[in-house]
There are 2 protein chains.
Amino acid sequence: MTEPKTEHKAEQTSNSKPNREFDIIARYFRPLTNGAAGALALQDDAALLSVPDGFELAVTTDCLVGGVHFLETLSPQDIAHKVVGVNLSDLAAMGAMPKVVFLAAQLPKGIQESWIADFAEGLRAALKPSGAALMGGDTVSTPGPVAFTLTAMGHVPKGHALMRSGAQPGDVLCVTGTIGDGALGLAVLTDALSIADSAERDHLIQRYARPQPRWKLAEMMVRTRQIRAAVDISDGLLADVGHICMASGVAAVIDAPAVPLSKAVRGVLAQDPTVLNTILGGGDDYELAFCAPQNAIADLQRLANELGECITVIGRIVASDLENTAPVTVHDKAGRPIIVESQGYQHL
Amino acid sequence: MTEPKTEHKAEQTSNSKPNREFDIIARYFRPLTNGAAGALALQDDAALLSVPDGFELAVTTDCLVGGVHFLETLSPQDIAHKVVGVNLSDLAAMGAMPKVVFLAAQLPKGIQESWIADFAEGLRAALKPSGAALMGGDTVSTPGPVAFTLTAMGHVPKGHALMRSGAQPGDVLCVTGTIGDGALGLAVLTDALSIADSAERDHLIQRYARPQPRWKLAEMMVRTRQIRAAVDISDGLLADVGHICMASGVAAVIDAPAVPLSKAVRGVLAQDPTVLNTILGGGDDYELAFCAPQNAIADLQRLANELGECITVIGRIVASDLENTAPVTVHDKAGRPIIVESQGYQHL
């Protein structure tokens, strides 16, 4: 019998020969464990984790495929920031402090080692602010596009995680940061939009390529015990507020003029009012949308300011109108409902 | 400005329209949560997990790409069994009882819903023996091959996880089950090997397509506190025993005639002695290799038999000979070293 001649086992190696996967793990990924004992130096069959008393583990998995979830023209560093940002943003939406990540990397055969080195450097930089450690993963080859699945875990005080359910009529609807930058950054990168001012252009691209997950704000929000519901804005503001509405059995009204916009986004919108569709529906914001009682807002805004961050009231939660199938209504400055065309990214 | 015309955002949907991803999750994956409260019905940004007092969480991630890690001609049910088996086998290697899994599924655009239904049915069947619940995941489209990343977590008594390090000269080297079935099953499926007896043929294929992770044995092994080191056999017996040797700073001798073989494998080997390379080096076994003191073996074998499983002594751990770079030596029935060509799957 001959060896099976499929690509499965095309390359066998003697255990005395160097193994490229092990080398890559040792050189580029092991340093990202920050010496965590439970990572077992990325050399064992699994990692070992403990959860401190009084905390729960929030766990999220996101898969990002080149050409689908990010432009393949992004730098390896940017892609790493995107992969980490998207996942830590989900933890932030639960009010969890990022602690550990597990990375499954699908790399095209023959990918240059410099690409992997740059990606690992981006990973290091993206994990650094939260101090989260890489605790394990898998590195495999693929005939398809480069793709990454990150499983991120964070600690949240037991029983106090932020969820999508819990919003009540009368609650105020808020967002962190500014909305629309990521979607317009993608438009710039795909030549669907041109921006004369290079600083504004860079701002939008940066916001698309390197999301800044709001786990610091989220931890503060959990401490106040005032948040009724939260979600991170990945699919688009309207779609994600819609997710809160569906989970909570409520509806929401968003006052379009109240939605916080960066200078760059305000400039684009002034030239073309239809861009509002992209701002409210485009996604890639990785900000938080959340609901809280009116009387909690001043405190929340003050605490956010102390962190150097910003919270803005953009609307309110109302009772669900079962005859109206769209849970989120957008109002113009005169309080009249307006139609927004684009409401959320379709994954499949 | 027009909407960015990349495939990123090619399909936007109003939040009142049906969303295929949400439908698929609700229909096929939500039932696999077994009603676990922390899964939040697969509708929130992350899942919430607690770990019981006295236990640690073992966490492993494996990515399986169609055409690379499994034959794309396998049925969706078989692929699900493979994805689950590979991951739960890693947990078994740590001595952890499988509890929860997170699944990131990359599906080619336009994949038939019946395929997804069959895959979910396979997932249900593969998770059932351990009772592990699907707690979250991500479902995305890809222009590449179908691919799955599973992150599996299990409970192990704190401080008593089985690791690759810890083997000592004088320890006995054992394996569970039989070796070589998976690699020969792959050979059958790729027409590199033909087997006349249909029952034997089916046995090999089944062993390749539906690994039976040994978490029950592993839990028993942890309880005995007698196991010095363990690994699961995925890359091939020689490579994986090599991993124990590297992590423990020891070497190993395997007595080839002692390696337990199924009737089907024995038949193939009798016809062609070179098949030994595939048996010892081919991988896809998803059995455990482990080291224990000689005086623990009888008890371990008795306890294994009570579980309806089998443990076989195949060799011994010896002091590392630094002049010899290959940590694993294979002996024939006369105790003479023999050369085995194929020693482990090269991942990249």
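**Close-up 1. A:G315 in strand β10 of chain A.** A:G315 sits in β10, residues 311-319 of chain A; strands are DSSP runs of E with at least two residues, helices are runs of H or I with at least four, and both are numbered from the N terminus. The model is predicted: local features need pLDDT of at least 70, side-chain atom pairs count only at pLDDT 80 or more, and totals for chains, interfaces and linings use all residues. Residues are numbered from 1 along each chain as its sequence is written, while chains are lettered from A and ligands numbered from 1 in the order in which they are written. A:G315 has 24 other C-beta atoms within 10 Å, so A:G315 is buried. The cut-offs are 20 or more for buried, 12 or fewer for exposed, and partly exposed in between, with C-beta atoms placed from the backbone. A:L173 is 142 residues away along the chain, yet the two C-alpha atoms are separated by 4.9 Å. Beyond four places in sequence, A:G315 is in contact with A:L173, A:A252, A:V253, A:I254, A:D255 and A:A258. Contact requires C-beta atoms, placed from the backbone, within 7 Å.

Close-up 2. A:Y286 lies in the chain A loop between α9 (275-281) and β9 (288-292). It counts as buried because it has 27 C-beta neighbours inside 10 Å. The loop holding B:R225 runs between α6 (215-224) and β7 (229-232) of chain B. B:R225 has 9 C-beta neighbours inside 10 Å and so counts as exposed.

**Close-up 3. Helix α2 of chain B packs on helix α3 of chain B.** α2(B) spans residues 76-94 and α3(B) residues 113-127. Their axes lie 7 Å apart at an angle of about 40 degrees. Axes are lines fitted to C-alpha atoms, for helices over the stretch in contact; angles run from 0 to 180 degrees between N-to-C directions. The pair is therefore oblique: under 35 degrees is roughly parallel, over 145 roughly antiparallel, 65 to 115 roughly perpendicular, and the rest oblique. The crossing is right-handed, meaning that the near helix is turned clockwise from the far one by less than a right angle. The α2(B) side includes B:P76, B:I79 and B:V84, and the α3(B) side includes B:W115, B:F119 and B:L123. The contact residues divide into 9 nonpolar, 4 polar and 3 charged. Nonpolar covers Ala, Val, Leu, Ile, Met, Phe, Trp, Tyr, Cys and Pro; charged covers Asp, Glu, Lys and Arg; the others, Gly among them, are polar.

**Close-up 4. Helices α6 and α10 of chain B cross.** Their axes come within 10 Å and cross at roughly 145 degrees. This crossing is right-handed. B:L217, B:M220, B:M221 and B:T224 of α6(B) meet B:D299, B:L300, B:L303 and B:A304 of α10(B). Of these residues, 6 are nonpolar, 1 is polar and 1 is charged.

**Close-up 5. Helix α4 of chain B, residues 181-189.** Here 9 of the 9 residues are buried, so the helix is largely enclosed by the rest of the structure. The buried residues pack against α5 (198-209), α8 (263-271) and α9 (275-281) of chain B. B:D191 follows α4(B), with a positive phi near 60 degrees.

Definitions and conventions:
Two residues are in contact if their C-beta atoms, placed from the backbone, lie within 7 Å.
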